[in-house]
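Here is a short briefing to read alongside the model on your screen.

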Amino acid sequence: MPVETGTAPTASRIGPRAPWIWMYHSVDDATCDPYGITVEPDRLEHQMNWLRRRGLRGVGVAELLRALATGRGDDLVGLTFDDGYADFAAHALPVLQHHGFTATVFVLARRLDGTNTWDPLGPRKRLLSGDGVRSVAAAGMEIGSHGLRHTDLTRLSPADLRSEVLDSRTILSRVTNQPLQGFCYPYGRLDERTVQAVSLAGYQYACAISPDPPHGLLALPRVHISQADRSWRLHVKHLLHHAPRCIGTSRPAPTSERVSE
């Protein structure tokens with residue numbers, strides 16, 4: 001089914017507490033995993049079962065924010081998968097579909113059908129092709145941008161930053177034949193300049209990791225979920241999420257400076 005689109009909620013409409021959003025990357029054999037970003041399919045199944053046993057449902061970030069904006073969504077958890085690994089379609093998608101869950105997959109627009117060459121320690125992992133992205137979207141997953149090539153945006157020139165943020169949105173919108181609402185900062189690195197670029201490019205929200213300072217919907221915090229996360233660790237992370245935390249407010253871009261696609 002196609003991903004529903006709509007106007008993004010403002011920070012004030014979704015309340016003061018940050019939405020609970022889980023961050024995944026690869027779903028595959030975790031034997032060789034120097035960066036701790038791989039979760040095996042059986043462990044993902046365990047983690048999704050943990051959510052279901054607690055009456056929680058995994059959804060894409062755009063759906064989560066829409067629900068929170070209408071005063072609903074207490075039973076929803078955002079699920080995100082960074083980098084657009086091909087193993088999402090092979091291993092994660094069947095698990096999500098089994099539970100009736102959805103997720104947001106953040107894709108690198110200029111690395112379709114490529115590999116994760118930005119990880120020097122390896123192992124090399126194949127990324128989704130254009131057809132793979134379309135197939136994932138057709139299965140009900142939200143597609144978001146992770147930039148063009150997995151580059152630290154805070155180190156780029158203004159022109160290169162604009163290209164990473166805006167061109168990636170344009171490319172992926174054409175691939176999926178639908179508008180993109182969400183962006184994800186590579187490495188979780190952001191600053192005032194990168195947040196402004198994301199706003200100017202027309203994204204309705206953006207995902208970070210632990211942004212400091214907060215930027216509201218343009219730098220949503222997420223919790224990393226790993227192969228080590230069994231029930232007791234997930235319980236602790238759940239408790240920590242309910243500790244006092246504010247999503248802050250984002251600075252809207254001036255209307256006269258908004259970049260068109």
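Helix axes here are lines fitted to C-alpha atoms over the stretch in contact, and the angle between two of them runs from 0 to 180 degrees between N-to-C directions. With that in hand, α6 and α7 pack at an angle of about 45°, and their axes are 9 Å apart. Please keep in mind that this is a predicted model.

**Where α6 meets α7**

- The crossing of α6 over α7 is right-handed.
- On the α6 side the contact uses Pro158, Leu161 and Val165, and on the α7 side it uses Arg193, Thr194, Ala197 and Val198.
- Sorted by class, this contact of α6 with α7 has five nonpolar residues, one polar and one charged.

**Where α2 meets α4**

- Helix α2 (residues 41–53) packs against helix α4 (residues 87–99) at about 25°, with the axes 10 Å apart.
- That angle makes α2 roughly parallel to α4, since angles under 35 degrees count as roughly parallel.
- Here too you will find a crossing, and for α2 and α4 it is right-handed.
- From α2 the contact takes Pro41, Leu44, Glu45, Met48, Asn49 and Arg52, while α4 supplies His91, Ala92, Val95, Leu96, His98 and His99.
- The residues in this contact of α2 with α4 split into six nonpolar, four polar and two charged.

**The nonpolar cores**

- As general background, nonpolar side chains in soluble globular proteins tend to be buried together.
- The largest nonpolar core in this model holds 37 residues, and Trp22, Met48 and Leu79 have the most contacts inside it.
- Elements giving two or more residues to this core are β1 (21–24), α2, β5 (76–83), α4, β6 (104–107), α5 (130–138) and α6 (158–176).
- The biggest share of this core comes from α4, which gives five residues.
- A second, separate core has 16 residues, among them Leu166, Ala197, Ala201 and Ala206.
- Which residues does methionine 48 touch, not counting those up to four places away in sequence? They are Trp22, Tyr24, Leu79, Val95, Leu96, His99 and Phe101.

**A closer look at alanine 201**

- Alanine 201 sits in the loop between α7 (192–200) and β9 (205–207).
- Its relative accessibility is 3%, so alanine 201 counts as buried, the cut-off being under 20%.
- Alanine 201 and leucine 166 are 35 residues apart in sequence, yet their C-alpha atoms are 5.2 Å apart in space.
- Beyond neighbours within four places in sequence, alanine 201 is in contact with Val165, Leu166 and Arg169.

**Backbone details in the loops**

- Glycine 122 and proline 123 are joined by a cis peptide bond, with omega about -5°.
- Proline 123 belongs to the loop between β6 and α5.
- Aspartate 113 is also located in the loop between β6 and α5, and this non-glycine residue has a positive phi of about 65°.
- With a relative accessible area of 45%, aspartate 113 is partly exposed.
- Asparagine 177, another residue other than glycine, has a positive phi near 60°.

Key
Residues are numbered from 1 along each chain as its sequence is written. This is a predicted model: local features need pLDDT of at least 70, side-chain atom pairs count only at pLDDT 80 or more; totals for chains, interfaces and linings use all residues. Side-chain values use heavy atoms; hydrogens and water are left out. Helices (H or I, at least four residues) and strands (E, at least two) are DSSP runs, numbered from the N terminus. Angles under 35 degrees count as roughly parallel, over 145 as roughly antiparallel, 65 to 115 as roughly perpendicular and the rest as oblique. A crossing is left-handed if the near helix is turned anticlockwise from the far one by less than a right angle, and right-handed if clockwise. Contact means heavy atoms within 4.5 Å. Ala, Val, Leu, Ile, Met, Phe, Trp, Tyr, Cys and Pro count as nonpolar, Asp, Glu, Lys and Arg as charged, and the others, Gly among them, as polar. A nonpolar core is a set of buried Ala, Val, Leu, Ile, Met, Phe, Trp, Tyr and Cys residues joined through side-chain atoms within 4.5 Å. Buried means under 20% relative accessible area, exposed over 50%, partly exposed in between (1.4 Å probe, protein chains only).
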